Amino acid sequence: MKTKYLIRERVIDTIRDFFKKQGFHEVFTPILVPVPSTEPNLEVFQSELRTAFGKKRKAYLIMSPEFSIKKLLAAGIGNCFEITKCFRNEEEVSRLHNPEFTMLEWYRVGANYKDIMKDFENLFLKIIGKERLIYQGETYDLSLPWPRISFEEAFRKYANKDVLGVKDEDFYKIFFNEIEPKLRKSKKPVILYDYPISQAALARRSKKDPRFAERFEVFVAGIELGNCFSELTDYKEQRKRFEIEKTLRKAQGKTDYPIDEDFLEALKTGLPASAGIAVGVDRLIMLVADVPSISDIIAFPGSELFSI
């Protein structure tokens with residue numbers, strides 16, 4: 001138990017030091033919010049806020065602090081980061097998933113997703129402390145530069161498919177079954193970038209090809225650690241994408257959540273050109289601790305708390 005706390009403490013201290021030395025502000029946004037994400041492939045925990053005088057309001061535990069942080073960006077907070085608890089429902093508890101988890105998000109103003117790639121590389125090297133990671137008996141070369149491969153190239157190379165010809169409902173099946181296993185074989189971290197626009201609801205369109213979005217995910221030892229966007233700042237385009245997500249949720253028989261109008265208003269007010277990333281802190285700690293499951297570095301994992 002003591003080891004779990006000490007490794008977690010060291011990693012989080014390192015993260016804070018990394019950003020504080022660059023002048024980033026640490027922010028603290030709400031975990032309980034009145035409007036959830038409309039993301040069609042994820043589910044929230046729903047609760048109810050009740051006052052002493054009988055007023056009631058639906059409330060939701062966040063899946064990410066993204067919307068709240070972007071509201072702060074629109075208000076002029078500047079470069080910032082947050083380490084917070086997040087929650088996702090209807091996911092199998094597994095070696096990489098826990099219903100409650102720790103998320104790191106940071107946003108850099110005047111930047112794009114390529115700048116965040118460099119941020120992540122530098123942060124990860126600082127956390128590990130050397131250019132070699134030994135995880136579960138395998139050695140991974142962390143020296144820069146890390147390989148970067150476009151999503152279009154990955155689908156063509158590893159699945160022999162044109163990614164733009166793949167149906168949305170088949171996209172992740174192919175990705176998880178045919179592409180991720182290939183990424184697990186890499187002895188260096190891999191950055192997978194430029195996702196189809198249908199798979200990046202909050203990301204800016206690529207200037208090179210508007211069919212794709214400036215989004216990347218980073219994999220180390222085959223484990224997805226971070227998901228980044230060059231942020232979409234056009235509130236009209238963002239509304240259209242939210243409406244598409246709501247349509248997908250309805251088609252899948254899921255709860256139809258409202259759009260966060262305050263978030264759209266923040267975009268309308270003026271979200272600065274920026275890029276941000278969400279990183280799974282528990283997965284980072286799992287790699288540092290060289291353990292097979294995040295349950296090994298969480299003090300009270302969901303599998304034990306809820307006997308599932």
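Predicted model: local features only at pLDDT ≥ 70, side-chain atom pairs only at ≥ 80, totals over all residues.
Between β2 and β4 (residues 56-61) the antiparallel pairing runs over two bridges. Val-33 stands opposite Tyr-60 in β4.

Helix α7 spans residues 261-270, and its residues Phe-263, Leu-264, Ala-266 and Leu-267 are buried. Viewed down the axis of α7, the buried residues fall within an arc of 155 degrees, so they line one face of the helix. The face turned away from this buried side carries Asp-262 and Thr-269, which are exposed. On the buried side, the packing partners of α7 are α2 (66-74) and α6 (235-251). The N-terminal end of α7 is capped by Asp-260, with a side-chain oxygen 3.1 Å from the backbone nitrogen of Asp-262.

The largest nonpolar core contains 47 residues, and Leu-104, Trp-106 and Phe-124 have the most contacts inside it. Helix α3 (residues 113-128) supplies the largest share of this core, nine residues. Apart from neighbours within four places in sequence, Leu-104 is in contact with Ile-15, Phe-19, Phe-81, Glu-82, Ile-83, Leu-123, Ile-277, Ala-278, Val-279 and Val-281. A second, separate core has 18 residues, including Leu-73, Cys-80, Phe-242 and Leu-267. Leu-267 is also one of the buried residues of α7.

Note on methods. Residues numbered from 1 in each chain as written. Heavy atoms only, no water. Pairing = 2+ DSSP bridges. Helix = DSSP H or I, 4+ residues; strand = E, 2+ residues; numbered from the N terminus. Buried < 20%, exposed > 50% of the residue type's maximum accessible area, 1.4 Å probe, protein only. Arc of directions from axis to C-beta. Contact = heavy atoms within 4.5 Å. Polar contact = N/O pair within 3.5 Å; in protein donor to acceptor, adjacent residues only side chain to side chain. Core = buried A, V, L, I, M, F, W, Y, C linked by side-chain atoms within 4.5 Å.
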